[in-house]
Amino acid sequence: MAAHYDSIAQEYKRSKDLPIRAHIERYTYFNMLGDVRGKSILDLACGEGIYSREFKKKGAALVVGVDISEKMIELAKQEEAKQKFDIQYIVADVMELGKIGDFDLVVASYLLNYAQTEEQLLKMCQTIFTNLKPGGRFVTLNNNLEQPISSYLTTEKYGFIKTISQPLEPGTAMTLTFTINGEKFSFDNYYLSRETYQRVFKSVGFTDVIWQNMVVSPEGIEESGQEFWQDYLDCMPHVGIECFK
Ligand SMILES: C[S@@+](CC[C@H](N)C(=O)[O-])C[C@H]1O[C@@H](n2cnc3c(N)ncnc32)[C@H](O)[C@@H]1O
């Protein structure tokens, strides 16, 4: 996993320029997060720190970013060298991280979809739960594992598609291929059912779980029109999740 992201770190960073990132991903994420001013935030699978920096820009008191890929953390630190955000970055596997603090918010955009088994998902969620204060909240974005397979290729116009080479069963690899300025790069997520996620969230101790549909920003609609986004909204390739401790 680390090795894979090490080799696509720059490409992944560039994919953040796609319109879906700003108008759907970021917009939905911050709607779910609400006001982060004064909050302590643990950003798991922070990648090159795009959201870690944004939490600080929006007034978070403390941000710690964790990622398994040394290369992603190197890119995050390069940004930190350009402009000091006072974010602490740690290279670690979330499954092995243990407790490093008591945070108001734990976030982890696109982490859980790397769990290949229920046991791995459990380890990730135990780390998340143990690092939250009582009353704290876990907010994440995830590959929507319930997207109809027939729609996997309909998102090409947004710059990415999903493919599978086996029926969807626990642990099936789902390949995401992005096309940025004509260049392609791919990585795998893994299928586990929503019921498995729900069972694991409850078993680690989360009291409430909310699954959130992705939404398009008003600017996105103004820029490209509702019709442009409709294929995305019809098949919902991603999903938001909020869990309460
Ligand atoms: C799709 S990227 C998302 C990065 C960032 N959260 C974002 O939204 O831009 C997924 C990240 O998860 C990291 N990752 C995957 N499995 C991990 C694990 N077990 N522990 C820590 N990081 C992990 C990868 O290295 C990669 O940087």
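The model is predicted, so to speak plainly: local features need pLDDT of at least 70, side-chain atom pairs count only at pLDDT 80 or more, and totals for chains, interfaces and linings use all residues. Numbering runs from 1 along each chain as its sequence is written, and side-chain values use heavy atoms, with hydrogens and water left out.

**Exercise 1. Work out which strands S10 pairs with, and how covered S10 is.**

Step 1: Strands are DSSP runs of E with at least two residues, helices are runs of H or I with at least four, and both are numbered from the N terminus. Two strands pair if DSSP finds at least two bridges between them.

Step 2: S5 and S10 run antiparallel, joined by seven bridges. Leu 141 sits opposite Gly 240 in S10.

Step 3: S9 (residues 208–212) also pairs with S10 in the antiparallel sense, over five bridges. Here Asp 208 has Phe 244 in S10 as its bridge partner.

Step 4: Now the cover. Six of the seven residues of S10 (residues 238–244) are buried, that is, under 20% relative accessible area with a 1.4 Å probe and protein chains only; over 50% is exposed, and in between is partly exposed.

**Exercise 2. Find the largest cavity and describe its lining.**

Step 1: On a 1 Å grid over the protein atoms alone, a cavity is a set of points where a 1.4 Å probe fits but cannot get out; a pocket is an open set with protein on both sides within 12 Å along at least five of seven lines; lining residues have an atom within 4 Å of a point. Points are joined across faces, edges and corners, and volume is the space filled by probe spheres set on them.

Step 2: The count gives one cavity of 30 Å³ or more, and the largest cavity holds about 50 Å³.

Step 3: Its lining includes Asn 142, Arg 194, Trp 211 and Val 239. Strand S5 (132–143) and helix H6 (194–204) are the elements giving two or more residues to it.
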